[in-house]
Amino acid sequence: MKFPETEKLVLLTFDDGPNADHEVTKQLLAVLRKYRVKALFNVIGRNVDRYPELVREAWADGHIIANHGDSDLPLLLRGRRAVSGEIDSCDAAIGRAINDTSFRAVSLRPSFGWYGPAVAQLSALSQTVRE
């Protein structure tokens, strides 16, 4: 993601969702909507499959939906195939939730911000890694 360097900006990010506590997430989305604030949600693919309606709501409100892996397991020591599977599975889950099978997240935030060569290499091909 690129932002103008001349502007002072704040990027609100939320990790590890969506989760079973729908009410908190719905309240958060309502507050963001009320104040016309956009945020970035780093979602876990397996959670997206469990609670797609929360991702659809955030997406419909204009928030950025980003990749946090499919399982929320650290990617630090995992090989290229495993990392690629985590990224692809999460993107696919998001795509199913928002009814866009061509969806590709604009960023990847590995669990705990830890990443090794495989994550850096794969994300450099199509995404931005955020620590």
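Visitor: Where does R36 lie?

Guide: This is a predicted model, in which local features need pLDDT of at least 70, side-chain atom pairs count only at pLDDT 80 or more, and totals for chains, interfaces and linings use all residues. Residues are numbered from 1 along each chain as its sequence is written. Helices (H or I, at least four residues) and strands (E, at least two) are DSSP runs, numbered from the N terminus. R36 belongs to the loop between helix 1 and strand 2 (40-43).

Visitor: What is the phi of R36?

Guide: Most residues other than glycine have a negative phi. R36 is a residue other than glycine, yet its phi is positive, near 55°.

Visitor: Is R36 buried or exposed?

Guide: Buried means under 20% relative accessible area, exposed over 50%, and partly exposed in between, with a 1.4 Å probe and protein chains only. R36 has a relative accessible area of 76%, so R36 is exposed.

Visitor: Which loop holds N99, and what is its phi?

Guide: N99 sits in the loop between helix 4 (80-98) and strand 4 (107-108). N99 is exposed, with a relative accessible area of 68%. Although N99 is not a glycine, its phi is positive, at about 60°.

Visitor: What kind of peptide bond joins G17 and P18?

Guide: P18 is located in the loop between strand 1 (13-17) and helix 1 (22-34). Most peptide bonds are trans. Between G17 and P18, omega is about -15°, and the peptide bond is cis.

Notes. Heavy atoms only, no water.
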